[in-house]
Amino acid sequence: MDSKYKYVVKTLTFEGKRYYVRGKSEQEAIRKLGSLEAELKSGTKVLNQKTTVQKWAKEWMEVYVKSKNITPKSVEMYKQKLDNYILPEIGTMRLCDVRDTHLKKLLNKANSSFSTAQKVKIVMQALFKQARKSRLIQYDPSEDIEIPKAKKGTHRSITKAERSAILEVAEYHYAGLYVLLVLYCGLRPGEAIALQWKDIDVKKHLIYVRKALESGRTGEVKSPKSDAGNRDIPIPEVLWSKLLAAQKGPFEPVLIQPLGKKMHSHSSIGDAWNNFKRELDIHMGAEVYRNQIIQSVVAPDLVPYCLRHTYCTDLQIATNLQHLNRCKQSQTRMAKRKAQTI
């Protein structure tokens, strides 16, 4: 881990309770420790069982989470789950008033997917476990909480009707190139965003995937997490002409925002997909009134990863067909040899 993510942690025991401070240097940590001690003695900083969950969460993030040996992306995940799921439900409650029933209801609301519920549970349990260890509460209400039954996300392939409509809309929609890159080359959203024209080999008709935009708010373009993420993808002929028509300078992004002409973020590429999906809905016959969709016909589970899943399915079908053709050719050769020996 890069040294810029390491901190000096100091502890202080006051009235039987232990407090922690962190600093980027020994001097900063000592200075913060002195300030903390002064605040505790003056009564301006008191953490106890009557402290609200929101106040404790802020302290917990600063003292415990940000000093852990984890990436900024992981810190962002903790913050996102607090801000979007935990604090809106129990943020104003006192720590001593939180019961397992409150947390169970919270998890039920966060149960949009197994992954989301699992992450909310991890953050929630870490938050209350430390509150108990810091003697702010006598028991941990999150200790035995279980994740409710949730659908584990296995994205499906698109149907023939969806494929036909998607290809038609991609011909004129501004997000069409993004959609086709995912469908025909299996790129992840972050990989498509980070793609530059220098990553496309004009002579060999290949896309070199070597980087991706990290999820979260960091906005960093990084190498894939594993060697398997580095790959060379053949560009099908149906996509090649569209790429040539859009080609720019070598260091410019392949996909650009419609306004501003700059590289996409995860947020803007999500907006582009939502706009594409709305146009797809109308194209497939959705009922519209005053520019608002009244009755949708597009499946609610249609997401960009369905296109990537379709790419993988198409590859498997193509591989099976190649194997079948080789078997047929082998059988034909054997039959000819057998006939010649008779």
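This is a predicted model: local features need pLDDT of at least 70, side-chain atom pairs count only at pLDDT 80 or more; totals for chains, interfaces and linings use all residues.
A residue counts as buried when its relative accessible area is under 20%, as exposed when that area is over 50%, and as partly exposed in between.

**Overall make-up**

The chain contains 11 helices and nine strands, and of its 342 residues, 37% count as buried. Among the contacts in the chain with a separation of 6 or more, 61% are between residues 24 or more positions apart.

His 205 lies in the loop between strand 3 and strand 4, and its phi is near 55°, a positive value in a residue other than glycine. Arg 135, in the loop between helix 5 (114-133) and helix 6, is likewise not a glycine and has a positive phi of about 60°. A further loop residue, Val 303, is found between strand 9 (292-295) and helix 11; Val 303 and Lys 277 are 26 residues apart in sequence, while their C-alpha atoms are 8.7 Å apart in space. The table sets the accessibility of these residues side by side.

| Residue | Relative accessibility | Class |
|---|---|---|
| Arg 135 | 59% | exposed |
| Val 303 | 28% | partly exposed |

**Strands around the turn**

The turn that holds His 205 belongs to a hairpin, in which strand 3 and strand 4 have four residues between them. These two strands run antiparallel and are joined by two bridges, and in one pairing Asp 201 has Leu 206 of strand 4 as its bridge partner. Strand 4 also pairs with strand 7 (residues 231-234), again in the antiparallel sense, over four bridges; here the bridge partner of Val 209 is Arg 231 in strand 7.

In soluble globular proteins, nonpolar side chains tend to be buried together. The largest nonpolar core in this model has 41 residues, and those with the most contacts inside it are Leu 181, Ile 207, Leu 239, Leu 243 and Val 254. At least two residues of this core come from each of several elements, including helix 6 (160-170), helix 7 (176-185), strand 4 (206-209) and helix 11 (304-341), and helix 7 gives the most, with nine residues. Apart from this core lies another, of 31 residues, which includes Val 53, Val 65, Leu 87 and Leu 127.

What does Ile 207 touch, once its neighbours within four places in sequence are left aside? Its contacts include Leu 181, Cys 185 and Leu 195, together with Asp 199 and Ile 200, and also Arg 231, Asp 232, Ile 233 and Ile 235.

Helix 6 and helix 10 have axes that come within 10 Å and cross at roughly 115°, and helix 6 passes helix 10 in a right-handed crossing. On the side of helix 6, Ala 165, Ile 166, Glu 168, Val 169 and Ala 170 take part, and in helix 10 they meet Phe 276, Glu 279, Leu 280 and His 283. Sorted by class, this contact has six nonpolar residues, one polar residue and two charged residues.

Note on methods. Residues are numbered from 1 along each chain as its sequence is written. Side-chain values use heavy atoms; hydrogens and water are left out. A nonpolar core is a set of buried Ala, Val, Leu, Ile, Met, Phe, Trp, Tyr and Cys residues joined through side-chain atoms within 4.5 Å. Buried means under 20% relative accessible area, exposed over 50%, partly exposed in between (1.4 Å probe, protein chains only). Contact means heavy atoms within 4.5 Å. Two strands pair if DSSP finds at least two bridges between them. Axes are lines fitted to C-alpha atoms, for helices over the stretch in contact, and angles run from 0 to 180 degrees between N-to-C directions. A crossing is left-handed if the near helix is turned anticlockwise from the far one by less than a right angle, and right-handed if clockwise. Ala, Val, Leu, Ile, Met, Phe, Trp, Tyr, Cys and Pro count as nonpolar, Asp, Glu, Lys and Arg as charged, and the others, Gly among them, as polar.
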